[in-house]
Amino acid sequence: MKSAYITVVGSMPVKFDLSQARKLGPIIGSSNNNKSVIFDFATVNSELNLQDMLNTEVFQQTNILTPENLYKKYLFFDQLSALPNFPGLKSFDIEQEKCSPQTLSLLLSVYLQKKVIFLLGYDISNPTELTRLKSIILANPDIKFMYICNPPRTYQLDDMPNGYCDTYIKFQELIDREK
């Protein structure tokens with residue numbers, strides 16, 4: 001059975017056993033920030049970070065997705081793929097080569113058409129990142145976006161009809177129920 005869930009691990013450190021999240025569905029890592037788990041997918045748009053990932057054992061079993069310019073330079077690596085052309089990218093004023101890897105991971109999770117996207121370690125303290133996240137949430141009303149954080153919970157997404165915030169404790173409870 002195909003999972004309705006996907007987890008995006010952003011650019012912030014995560015103090016949670018990410019192998020637990022795998023029980024719900026695939027996990028997308030953002031660049032080389034979290035090296036504690038084998039991701040199903042990882043996005044990167046920096047050549048230096050890509051080189052690090054290609055030389056790090058934990059990423060050997062990860063499908064690494066890059067913008068086309070990097071893919072063409074490193075296409076001889078089996079685990080490397082080019083990022084798809086995301087619909088509406090121009091309307092968001094996002095360039096694959098210049099945005100953050102966590103934004104790329106978020107776009108990939110939407111592209112994969114899951115019903116619920118969990119955001120762990122996703123940095124929303126940067127106003128640009130928060131604005132992009134909210135724009136993507138609004139453009140995808142059929143997807144639930146769950147921002148997972150430590151207490152106290154943030155209220156940054158409360159104005160979004162399909163954006164929610166909850167704690168790691170509640171996230172673990174969902175994982176335990178879905179087993």
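Helix 4 (residues 101-111) is mostly covered, with ten of its eleven residues buried, where buried means under 20% relative accessible area, exposed over 50% and partly exposed in between (1.4 Å probe, protein chains only). Those buried residues are Pro101, Gln102, Thr103, Leu104, Ser105, Leu106, Leu107, Leu108, Ser109 and Val110. Helices (H or I, at least four residues) and strands (E, at least two) are DSSP runs, numbered from the N terminus.

The model is predicted, so local features need pLDDT of at least 70 and side-chain atom pairs count only at pLDDT 80 or more, while totals for chains, interfaces and linings use all residues. Residues are numbered from 1 along each chain as its sequence is written, and side-chain values use heavy atoms, with hydrogens and water left out.

Helix 4 also takes part in the largest pocket, giving the most to its lining with three residues; helix 4 and helix 5 (127-139) each supply at least two residues of that lining. A pocket here is an open set of points on a 1 Å grid over the protein atoms alone, where a 1.4 Å probe fits, with protein on both sides within 12 Å along at least five of seven lines, and lining residues have an atom within 4 Å of a point. About 250 Å³ of space lies in the largest pocket, a volume being the space filled by probe spheres set on the grid points, which are joined across faces, edges and corners. Of the 14 residues that line the largest pocket, Pro87, Val110, Tyr111, Asn140 and Ile143 are the closest to its centre. The lining divides into nine nonpolar, two polar and three charged residues.

In helix 2 (residues 47-54), Leu50, Met53 and Leu54 are buried. Seen down the axis of helix 2, its buried residues fall within an arc of 95°, so they line one face of the helix; the arc is that of the directions from the helix axis to the C-beta atoms. Their cover includes strand 3 (41-43), strand 4 (63-66), helix 3 (68-74) and strand 5 (80-82).

| Residue | Relative accessible area | Class |
|---|---|---|
| Thr62 | 1% | buried |
| Ser31 | 2% | buried |
| Gln96 | 10% | buried |
| Gln113 | 65% | exposed |

Thr62 lies in the loop between helix 2 and strand 4, and its C-alpha atom is separated by 5.5 Å from that of Phe41, 21 residues apart along the chain. Not counting residues up to four places away in sequence, Thr62 touches Ile38, Phe39, Asp40, Phe41, Ala42 and Gln79, a contact being heavy atoms within 4.5 Å.

Gln96, in the loop between strand 5 and helix 4, has a polar side-chain atom 3.0 Å from the backbone oxygen of Pro84. With residues up to four places away in sequence not counted, Gln96 touches partners including Asn45, Pro67, Leu83, Phe86 and Leu104.

Ser31, in the loop between strand 2 (27-30) and strand 3, has phi near 60°, a positive value in a residue other than glycine. Gln113, in the loop between helix 4 and strand 6 (116-120), likewise has a positive phi near 60°. Finally, the peptide bond from Pro151 to Pro152 is cis, with omega near -5°, and Pro152 is found in the loop between strand 7 (144-149) and strand 8 (163-167).

Definitions and conventions:
Nonpolar A, V, L, I, M, F, W, Y, C, P; charged D, E, K, R; others polar. Polar contact = N/O pair within 3.5 Å; in protein donor to acceptor, adjacent residues only side chain to side chain.
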